[in-house]
Amino acid sequence: MATSKKKNSKKAKARARRRAILIVEVIVLLFVIIALFVWLKMSKLDTGRELNQPTEAEDQYSEDNGVTDFYQEVNIEMNDIGDETQEIMSHYTNIAFFGVDNRSIGHYSSGNSDTIMICSINNDTNEVKLCSVFRDTFMDIGGGKYQKCNAAYAYGGADQAVAMLNKNLDLNISEYVTVDFNAVVDAVDSVGGVTLNISNEEAKYMNASYIDEVAKYSKGKAEYVKAGNDVLCTGVQATAYCRVRYTKGADFERTYRQRLVLQKLLDKAKASDPATLNNIVNKIFPEVSTSLSSADILEMASKVTSYNIAEQRGWPFEKCTDMHNEASIVVACDHVTNVTELHKFLFGNENYVPSSAVTEISQTIQNKTGKTTANAVDYGF
């Protein structure tokens, strides 16, 4: 009986933690929209690059890497999605958010997208749902090439990354926003730092490599940290904290750290004066790339106060880890089941029928990894 109570208590705490993460990410989303609006008014954000317009990375693309043209990827798969599913999704605006780790500022056409998030806005109710896609998830990144999904961005920029999400998840995403992790350094420094509880293990990894590396690829200064509660961290230190992934929970917990820093950052920003907020916008948004047009941003900004907050989750929902080609991957257990649950979560679609493409992808993943629903593990994140 006592064991059962402990299990229920752990589940309750996990649910509470997920709810907290939801609030953080939705607030961050709204903050981004408001900031984009402010930036637009200041005429400092270059918006409206249409998907499928060639980028620097795509100019270097060739069929040798096994990834087909974006038009073909999306159009073929969308034609295979049932009419009912397409009708339901037509009532939503779906946007992909990417955080690119390319060791340089303002270069959006290369690098792995180590942060991948789907933002789905119900156009009828203004309800917002967010779904983080774990970067190591094993999927078809294009042309039947299976590897970590974050590599799609490295192969073909935002276009290929969006195509990857649409093909593997039966989605209709047509817009994206991309930022550099360097933006975190600038934002945190702009508000005077954020306080974090840092464990001995986290401090060890931060001081061993992450702080020096972040400082090297940003304008920040490398200053080491000591473990403790309410440690005031600089932008470099906070970004290094976000990048720790060798503690218990691995990359799943790293995602949590990223959300925690965003929460702390937003708390400081909300308490800041207009001049400070203006400074934040000035520093961060030269590092933003988006396909959203000026009209899109203005319309979204006008609806910020009417958005209805909804739950956020990480995908795949049922998962396990494995090794493939000597690389650690996250495997959906199984893919079809997880995509079906994703459509229920994002769109409330109880009658979703997976496309033949998703069914084929699911079978290929199972054949390559040997993982089924029986292999799913609860990692707590």
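Which helix is E213 found in? Here are my notes on this one; keep in mind that the model is predicted.

1. Let's start with that glutamate. E213 is found in helix 7, the run covering residues 200-216. Is it buried, exposed or something in between? Its relative accessibility is 23%, so E213 counts as partly exposed, given that buried means under 20% and exposed means over 50%.

2. Now look at what E213 has around it. Its side chain and that of R243 are joined by a polar contact of 2.8 Å. Check A240 too: the C-alpha atoms of E213 and A240 are separated by 8.3 Å, and these two residues sit 27 apart along the chain.

3. Next, the aromatic rings. How many aromatic pairs are there? The count comes to four. One of them is F98 with Y153, an edge-to-face pair with 5.4 Å from centre to centre and 65° between the planes. That pair links distant parts of the chain, since F98 belongs to strand 1 (residues 92-101) and Y153 to helix 5 (residues 151-169), 55 residues apart. F98 has a relative accessibility of 2% and so counts as buried. Y153, at 1%, counts as buried as well.

4. Another aromatic pair to find is F138 with Y146. This one is tilted, with the centres 5.9 Å apart and 45° between the planes.

5. Which ring does the charged end of K129 sit over? That would be the ring of F345, with the charged end 5.2 Å from the ring centre. In a second case, the charged end of R257 sits over the ring of Y241, 5.9 Å from its centre.

6. Last up, a pair of helices. The axes of helix 12 (residues 335-347) and helix 13 (residues 356-369) come within 8 Å and cross at roughly 135°. What do we call that arrangement? Helix 12 and helix 13 are oblique to each other, because an angle has to be over 145 degrees to count as roughly antiparallel, and 65 to 115 is the range for roughly perpendicular. To see the meeting place for yourself, pick out H335, V336 and V339 in helix 12, which meet V358, T359, I361, S362 and I365 in helix 13.

Technical notes: Residues are numbered from 1 along each chain as its sequence is written. This is a predicted model: local features need pLDDT of at least 70, side-chain atom pairs count only at pLDDT 80 or more; totals for chains, interfaces and linings use all residues. Side-chain values use heavy atoms; hydrogens and water are left out. Helices (H or I, at least four residues) and strands (E, at least two) are DSSP runs, numbered from the N terminus. Buried means under 20% relative accessible area, exposed over 50%, partly exposed in between (1.4 Å probe, protein chains only). A polar contact is a pair of N or O atoms within 3.5 Å; within protein, one must be able to donate a hydrogen and the other to accept it, and residues adjacent in sequence count only if both atoms are side-chain atoms. Rings of Phe, Tyr and Trp (its six-membered ring) pair if their centres lie within 6.5 Å; planes under 30 degrees apart count as stacked, over 60 as edge-to-face and the rest as tilted. A charge sits over a ring if NZ of Lys or CZ of Arg is within 6 Å of the ring centre and within 35 degrees of the ring normal. Axes are lines fitted to C-alpha atoms, for helices over the stretch in contact, and angles run from 0 to 180 degrees between N-to-C directions. Angles under 35 degrees count as roughly parallel, over 145 as roughly antiparallel, 65 to 115 as roughly perpendicular and the rest as oblique. Contact means heavy atoms within 4.5 Å.
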